Amino acid sequence: MTLDWSVVWQHREALVAATGTTFLLTIATMVIAVPCGVGVAVLRLYGIAPVRSLATGYVELFRNLPLILVVYWAFYVVPILTGVGLSPLATGLAALALNVTAYNAETFRAGINSIRKGQVEAAMALGMSRAQALRRVVLPQALRRITPVLASTWVSLFKDTSLVSVIAVTELAYVAMQVRAQTFRVLEMLTAMALIYWLLGYPQAKLVDWIQRRYAVNE
Amino acid sequence: MTESVAAPAVPRRDSATILRYRDVVKRFGMLQVLNGISLDVHAGEVVCLIGPSGSGKSTLLRCTNGLESLDGGTIEFEGARLPRDEKALRAMRARMGMVFQSFELFPHLTALQNVAEGPRTVLGMKPAAANARASALLAKVGLADKAASYPAALSGGQQQRVAIARALAMEPDVMLFDEPTSALDPETIGEVLGVMKTLADEGMTMVVVTHEMSFARRVADRVAVFDGGRIIEEGPPAQIFDAPTVGRTRDFLSHLGWAG
């Protein structure tokens, strides 16, 4: 078997652009899913009963559905139900954000619950409202505590963005597969794809480790 | 049995009543923790609450600023009943300082930020003004050089002094101390009691739940002895420690090795 690695170089521009889309999807998903995750967690913890149930239902639904199913569903079913069809990129982003928000909500809920009651009491004894205590005392500590979990969510998400290739979002996996299909260079393209994901993912994981050490709170 | 002493042996510095407890009852499930507590705390007075663990001292303190709700009786702060309304209760809490056994400093903030947090968030002070107030208070508790330290880098005694400064930053009318030295190493207890003594000498109204009998004896204007959710004896320290009239008080004090 002869290998022809030049195929990777020949399609470098498409691959670079696709890598950009992968990053864009990862960042945009997290930009949506972190604040929304906090929101859902707060609703689950402090909301009135019907809101709490709704938030719980949302989390349990999306945590227990395969992401690829959500992607397909958002792409094929939602337009039929609503009559509104979004671009593949927006649809993929929505599916990822729905999924990661559910995970982040659970992470934040655990983080908030891990802050001991005395901290809220100390804040309230100063005259703070529950909302102020949450914002000024509980969330900053919870966020620091769950940084490692958010970080591993980030690294997973970076790879999971490849799932939106099934609806033709031109991210790294989709473009690599397209090149493979056109050139029949299966081994070369799959290896290149693996290398690109790994070389980009590993430093992100390390960076996150460093951020966590740097901003860890000693207690 | 819970009658207060008719003629206080220690002259009160001011007759205004800061806290008035009447027949306070608190239950946790089936357990009745407070069985009708009546007590007055006057302006400038230091009242120490002593008694065995589980006798209700800390619970009374936590009811005082509404961290626990009452199941019966009333608490008045400066002539007004503790409000049920959250917002009004917060305004009242802001005028009571509380110091916890476990310090409860905010670990993500420096000592200075801890002390400035109340003025900034609750009083809406500008950061510069809040920090100036916090600096002055850290100096007052002897920790000017620790302003930039995080709680984890401070000893227990230092953390508790920051916690006192944090409570003082709200310029409270009364300070509530919930066993402030019980979690401390013996060698750092003195520095915290020293700060509390200074506050008392300056005329701060204080309610102190404590097992430090020598502090109660030296600093308190009045001592209330708790047992089984009641005040079994109340009076000036000289009476409580030297001539307790109730048998349970004598038992309690002798258990602590208090020779009188």
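Q: Why are H4(B) and H5(B) called oblique to each other?
A: In this predicted model, the axes of helix H4 (residues 127-140) of chain B and H5(B) come within 9 Å and cross at roughly 135 degrees. Axes are lines fitted to C-alpha atoms, for helices over the stretch in contact, and angles run from 0 to 180 degrees between N-to-C directions. Angles under 35 degrees count as roughly parallel, over 145 as roughly antiparallel, 65 to 115 as roughly perpendicular and the rest as oblique. H4(B) and H5(B) are therefore oblique.

Q: What makes the contact between H4(B) and H5(B), and how is it divided by class?
A: B:Leu137, B:Leu138 and B:Lys140 of H4(B) meet B:Val162, B:Ala165 and B:Leu168 of H5(B), where contact means heavy atoms within 4.5 Å. The contact of H4(B) with H5(B) has 5 nonpolar, no polar and 1 charged residues. In this division Ala, Val, Leu, Ile, Met, Phe, Trp, Tyr, Cys and Pro count as nonpolar, Asp, Glu, Lys and Arg as charged, and the others, Gly among them, as polar.

Q: Why are H5(B) and H6(B) called roughly parallel to each other?
A: The axes of helix H5 (residues 156-168) and helix H6 (residues 186-201) of chain B come within 8 Å and cross at roughly 20 degrees. H5(B) and H6(B) are therefore roughly parallel. Their crossing is right-handed; a crossing is left-handed if the near helix is turned anticlockwise from the far one by less than a right angle, and right-handed if clockwise.

Q: Which residues of H5(B) and H6(B) meet?
A: B:Gly157, B:Gln158, B:Gln160, B:Arg161, B:Ile164 and B:Leu168 in H5(B) meet B:Thr188, B:Glu191, B:Val192, B:Val195, B:Met196 and B:Leu199 in H6(B). By class, the residues of this contact divide into 6 nonpolar, 4 polar and 2 charged.

Q: Why are H2(A) and H5(A) described as oblique to each other?
A: Helix H2 (residues 12-46) and helix H5 (residues 88-114) of chain A pack at an angle of about 45 degrees, with their axes 5 Å apart. H2(A) and H5(A) are therefore oblique. H2(A) passes H5(A) in a right-handed crossing. The residues of the contact of H2(A) with H5(A) divide into 22 nonpolar, 6 polar and 3 charged.

Q: How many helices and strands are there in chain A?
A: Chain A has 9 helices and 0 strands. Helices (H or I, at least four residues) and strands (E, at least two) are DSSP runs, numbered from the N terminus. The C-alpha trace of chain A spans about 75 × 45 × 25 Å along its principal axes.

Q: What makes S2(B) and S5(B) edge strands?
A: Strand S2 (31-42) and strand S5 (80-81) of chain B each pair on one side only, where two strands pair if DSSP finds at least two bridges between them. They belong to an open sheet of 4 strands in the order S2-S1-S4-S5 (chain B), with antiparallel pairing.

Q: How do you know that S1(B) pairs with S2(B) and with S4(B)?
A: Strand S1 (residues 17-28) of chain B and S2(B) pair in the antiparallel sense over 9 bridges. B:Lys26 stands opposite B:Leu34 in S2(B). S1(B) and S4(B) run antiparallel and are joined by 5 bridges; the bridge partner of B:Val25 in S4(B) is B:Gly72.

Q: How do you know that S4(B) pairs with S5(B)?
A: 2 bridges join S4(B) to S5(B), which run antiparallel. S4(B) and S5(B) form a hairpin with 2 residues between them, and B:Glu78 in the turn has a positive phi of about 50 degrees.

Q: What is the pairing in the sheet of 6 strands?
A: The pairing is mixed in this open sheet, whose order is S6-S7-S8-S3-S9-S10 (chain B). One of its pairs is strand S3 (residues 46-50) and strand S8 (residues 205-209) of chain B, which run parallel and are joined by 4 bridges.

Q: How much area do chain A and chain B bury between them?
A: The two chains bury about 2,000 Å², 60% of it on carbon and sulfur atoms. Buried area is the accessible area (1.4 Å probe) that two parts lose on being put together, summed over both.

Q: What conventions apply to the numbering and the values?
A: Residues are numbered from 1 along each chain as its sequence is written, and chains are lettered from A and ligands numbered from 1 in the order in which they are written. Local features need pLDDT of at least 70, side-chain atom pairs count only at pLDDT 80 or more, and totals for chains, interfaces and linings use all residues, while side-chain values use heavy atoms, leaving out hydrogens and water.
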